[in-house]
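Take a look at the structure below.

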Amino acid sequence: MDYLIIKSGVVTNIVVADADFAAQQGWHPAPDGVGIGWIQERTGSFSPPPEAPPPPLSEIRASMRRLSRMEFKLMLRGLGHTEEQVTEAFAAIADPELRYLVDLAWREASYFRRSDALIDPAAAALGMEPEDTDAAWLAFAARLPPSED
């Protein structure tokens with residue numbers, strides 16, 4: 001029979017044992033459907049563990065596929081931005097240091113990561129919100145063959 005090992009009100013393991021040994025260990029008979037991580041209520045019943053919160057956006061963005069220079073340009077082209085429009089939009093960034101850095105990345109970067117600090121300001125210059133950038137990045141990356149990195 002299956003028995004639950006419970007520590008601090010949480011099921012930490014499920015074992016197969018005979019009834020006498022399980023009783024000696026203080027293990028509890030396992031009700032159907034109860035699993036590791038379930039919580040024993042004061043009434044003795046069990047409830048599933050709470051759902052894990054979604055990861056922070058920074059983790060999600062860090063896990064997104066990096067895009068090569070060509071892939072990045074193709075993504076922007078697919079969103080309706082020509083290279084000339086992108087260059088003009090970046091030239092219109094008000095902050096001179098940010099304008100320089102975004103322009104430098106646009107002209108010189110070999111690849112782009114969604115988590116790069118310059119992506120959101122660059123996207124904003126093109127009229128895109130961070131959520132729009134996330135969606136476009138994921139949709140474009142999903143159409144690409146598996147990455148080699």
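Predicted model: local features only at pLDDT ≥ 70, side-chain atom pairs only at ≥ 80, totals over all residues.

Begin with the nonpolar interior. In soluble globular proteins, nonpolar side chains tend to be buried together. Here the largest nonpolar core has 19 residues. Six of its members touch the most others: Phe72, Met75, Leu76, Phe90, Phe112 and Trp137.

Setting aside neighbours within four places in sequence, Met75 is in contact with Leu67, Ala136, Trp137 and Phe140.

Now turn to charge. Side chains of opposite charge can pair when their charged atoms come close. The model has seven salt bridges. One of them joins Arg61 and Asp134, with the closest N and O atoms 2.8 Å apart. Arg61 sits in helix H2 and Asp134 in helix H7, so-called distant parts of the chain, 73 residues apart.

Is Arg61 buried or exposed? Arg61 has a relative accessible area of 13%, under the 20% limit, so this residue counts as buried. Asp134 is buried too. Helix H2 itself covers residues 57-63. Beyond four places in sequence, Arg61 touches Arg114, Ser115, Asp120, Pro130, Glu131 and Asp134. Three of these names return in a network of salt bridges, which links Arg61, Arg114, Asp120 and Asp134.

Another pair brings two helices together. The side chains of Glu83 and Lys73 form a salt bridge at 3.2 Å, N to O. Glu83 belongs to helix H4 and Lys73 to helix H3, so this bridge ties together parts 10 residues apart in sequence. How accessible is each partner? Glu83 is partly exposed, with a relative accessible area of 42%. Lys73 is partly exposed as well, at 22%.

A further salt bridge joins Arg107 and Glu108. Their closest N and O atoms are 3.7 Å apart. Arg107 has a relative accessibility of 39% and counts as partly exposed. Glu108 reaches 54%, over the 50% limit, so Glu108 is exposed.

Note on methods
Residues numbered from 1 in each chain as written. Heavy atoms only, no water. Helix = DSSP H or I, 4+ residues; strand = E, 2+ residues; numbered from the N terminus. Buried < 20%, exposed > 50% of the residue type's maximum accessible area, 1.4 Å probe, protein only. Contact = heavy atoms within 4.5 Å. Core = buried A, V, L, I, M, F, W, Y, C linked by side-chain atoms within 4.5 Å. Salt bridge = Lys/Arg side-chain N within 4 Å of Asp/Glu carboxyl O.
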